[in-house]
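Good morning. Please have the model open on your screens while I go through it.

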Amino acid sequence: MTKQEKTLTMTVLMTPDMANFSGNVHGGSLLKLLDQVAYACAAKYCKNYVVTAALDQVFFRQQVNVGELVTFYARVTHVGRSSMEVGVKVVAEHLRTNDKRHTTSCYFTMVAIDEHGNSCEVPRLILETDTEKKHFAAAELRKKLRQESLAKSSALFVELSEDEF
Ligand SMILES: CC(C)(COP(=O)(O)OP(=O)(O)OC[C@H]1O[C@@H](n2cnc3c(N)ncnc32)[C@H](O)[C@@H]1OP(=O)(O)O)[C@@H](O)C(=O)NCCC(=O)NCCS
């Protein structure tokens, strides 16, 4: 049996076109890269087209600077029928000092889609190490919390009426 491809690493140099008005890297630029990494990791794992269904709260712990090298460490932590949780850890590295900072961690839910746009089954995740088992157990808990939080926030939802603008 071929080995499952569960992880993906991508390194990107932060260039001036990614900067915000303060000269640091724009949150949106990082979100775009995060989405690309999660897409590539999930698609490589299931060998299928995938879409982003959800992204858990993202907290930018530290700013990222233009000129730094940013590495995204992505891993498929959990698999349902058609969904995959992809955890991404972001580490920024100062090129001259080699100083490394963990700036963000977040979790995407990616869903495999067939040619008709319907969700489709993905390979079951084979847990080979204790770390993978820990990631899976934590992801199951996150999935449960996500579903509970979605149900609660749906109950609180107030439609923004276009007439108010
Ligand atoms: C994601 C999408 C395919 C889910 O469609 P759906 O009709 O709910 O599909 P299903 O009911 O078959 O659910 C598919 C999976 O998505 C998961 N899912 C659905 N809504 C979810 C949500 N809000 N958060 C996390 N996972 C979700 C389900 O739990 C299910 O997982 P499982 O198969 O592992 O059990 C659909 O909403 C979609 O295409 N969204 C647009 C995606 C997109 O365009 N993203 C780009 C950014 S805009």
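Let me begin with a definition: two strands pair if DSSP finds at least two bridges between them. Strands themselves are DSSP runs of E with at least two residues, helices are runs of H or I with at least four, and both are numbered from the N terminus. By that rule β1 and β3 pair, with 7 bridges between them, and they run antiparallel.

Some bookkeeping. This is a predicted model, so local features need pLDDT of at least 70, side-chain atom pairs count only at pLDDT 80 or more, and totals for chains, interfaces and linings use all residues. Residues are numbered from 1 along each chain as its sequence is written.

Now the overall picture. The protein chain contains 2 helices and 5 strands. Read from the N terminus, the order of elements is β-α-β-β-β-β-α. Along the principal axes, the C-alpha atoms of the protein chain fill a box of roughly 55 × 45 × 30 Å. The chain has 165 residues, and buried ones make up 24% of them. Buried is a count: 20 or more other C-beta atoms within 10 Å of the residue's own, while 12 or fewer is exposed and anything in between is partly exposed, with C-beta atoms placed from the backbone.

Next, the sheet. In what order do the strands of the open sheet lie? The order is β1-β3-β4-β5-β2, with antiparallel pairing. At the edges are β1, residues 7-13, and β2, each of which pairs on one side only. From one strand to the next the twist averages 30°. Angles here run from 0 to 180 degrees between N-to-C directions, and axes are lines fitted to C-alpha atoms, for helices over the stretch in contact.

We can walk across the sheet by bridge partners. Leu13 has Leu69 in β3 as its partner, and Leu69 in turn has Glu93 in β4. Between β3, residues 69-79, and β4, residues 83-93, there are 10 bridges, and the two strands run antiparallel. Within that pair, Thr71 stands opposite Val91, and Val76 stands opposite Val86. A hairpin of 3 residues connects β3 to β4. Moving on, β4 and β5 are antiparallel and share 11 bridges. The hairpin of β4 and β5 has 6 residues between the strands, and in it Asn98 takes a positive phi near 65°.

Now helix α2. It lies across β3, β4 and β5, at about 80° to β3. How many of the 27 residues of α2 are buried? The count is 2, and α2 is hardly covered. For the 27 residues of α2 that gives 39 Å, and the end C-alpha atoms are 39 Å apart, so the two agree.

Why does Thr77 count as buried? Because 21 other C-beta atoms lie within 10 Å. Leaving out residues up to four places away in sequence, Thr77 touches Glu85, Gly87, His135, Phe136 and Ala139. Contact means that the C-beta atoms, placed from the backbone, lie within 7 Å. Ala139 is 62 residues from Thr77 along the chain, yet their C-alpha atoms are separated by 6.5 Å. For the protein chain as a whole, take the contacts between residues at least 6 apart in sequence: 71% of these join residues at least 24 apart.

Last, the ligand. It is surrounded by 14 residues, and the closest are Gly80, Arg81, Ser82, Ser83 and Ser119. A residue is near a molecule if its C-beta atom, placed from the backbone, lies within 6 Å of it. Elements giving two or more residues to this shell are β2 (50-55), β5 (100-112) and α2 (130-156). Which element gives the largest share? That is β2, with 4 residues. By class, the shell has 6 nonpolar, 6 polar and 2 charged residues. Nonpolar covers Ala, Val, Leu, Ile, Met, Phe, Trp, Tyr, Cys and Pro; charged covers Asp, Glu, Lys and Arg; the others, Gly among them, are polar.

Technical notes
Expected span 1.5 Å × (residues − 1). Contact = placed C-beta atoms within 7 Å.
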